[in-house]
Amino acid sequence: MNQPEQSERRDQWRLFVGDGRPRHVAMPEPPPWRRFGRAADDGTHTAPHRPYLIDQPQIDVVNAALHLRRPLLVTGHPGTGKSSLAYAIAHELSLGDVLHWPVNSRSMLSEALYQYDAVGRLRETTLSRDQGRQAPDIGHFIRLGPLGTALVPGELPKVLLIDELDKGDVDLPNDLLTVFERGEFEIPELSRLAHERHTVQVHTFDGGEPVGVAGGFVRCGEFPVVVITSNGERDFPPAFLRRCLRLDLPDPSEQRLRDIVAAHLGADALDQVDDLVRVFLARRAPGELATDQLLNAAFLRLGGVDTDAEGLLDAVLHQLGGTV
């Protein structure tokens, strides 16, 4: 590509001009890792598969957790692929969609297991009585959470991602112990009615078909594949750690970075972004840059964006720590 063509291509990438004049533009294709799939005619949604590269020592730890039916506690700096590991396992083992529980300071175990809409049930029961109709079944007002849905019996185990557990309440890891050990939990609102209705159909977190809860207890047949991520913001109790297998994902080496770029953007991309890899490595310190930032810069370069424009590369390869 000659210099005028290169200059014209670099000008065309600017969709937003900043002159205040409305215009219609054709949005370019997003990066592969920012494509979210499309809904099928039957209402199902298929998420696109994204490449995931991992070294043999880490692969062996994952396999040990699968054999032992133990939760996998994954640590590592931002951008090392902690959360993506759950999706890679679900894809490779054909275990269906990942049940995702993002943890924050307000997260409680009870909500991850199930939610009961008592107010909604009271309202609908009163309305039905006033209109001479039969009151809706209690199961209409119970919805299993991500952890509760993961424990529903099935032919294959489900994959549950408990994301950033270290952001939760200090007691949350201990609250999980009984569920991890017994593989079951009780829904008291249903167990109190067991003598009247042994099995009640309830809704699931993933929006699938209602499932039957017998005697008020949800008991797993196969313990789910549980991937727990942590950014190392605090320590976990020894009793919790004893029930998990630890996996620390290292920062990718230079060769691994090149493999990641090739896996996401094609092998031909490497020649065009070699300098970006070197800049990334020169700026990277433990926890300061994430691999997806390099992918963002490489994608812009391949799309004709002038990554040498003032401030642009700094905006893409910005440090993750410190004040903004």
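**Nonpolar cores and helix packing in a predicted model**

The largest nonpolar core contains 37 residues, and those with the most contacts inside it are L144, I162, L165, I187, I228 and F240. Such a core is a set of buried Ala, Val, Leu, Ile, Met, Phe, Trp, Tyr and Cys residues joined through side-chain atoms within 4.5 Å, where buried denotes under 20% relative accessible area (1.4 Å probe, protein chains only). Helix α7 (residues 172-182) gives the most to this core, with 5 residues; helices are DSSP runs of H or I with at least four residues, numbered from the N terminus. Apart from this core lies another, of 19 residues, including L257, I260, V261 and A297.

The model is predicted: local features need pLDDT of at least 70, side-chain atom pairs count only at pLDDT 80 or more, and totals for chains, interfaces and linings use all residues. Residues are numbered from 1 along each chain as its sequence is written, and side-chain values use heavy atoms, with hydrogens and water left out.

Helices α11 (residues 274-283) and α12 (residues 291-302) pack at an angle of about 150 degrees, with their axes 10 Å apart; axes are lines fitted to C-alpha atoms over the stretch in contact, and angles run from 0 to 180 degrees between N-to-C directions. α11 is therefore roughly antiparallel to α12, a description applied to angles over 145 degrees. In this pair, D275, L276, V277 and F280 of α11 meet T291, L294, A297, A298 and R301 of α12, contact meaning heavy atoms within 4.5 Å.

Note on methods. Helix = DSSP H or I, 4+ residues; strand = E, 2+ residues; numbered from the N terminus. Parallel < 35°, antiparallel > 145°, perpendicular 65-115°, else oblique. Buried < 20%, exposed > 50% of the residue type's maximum accessible area, 1.4 Å probe, protein only.
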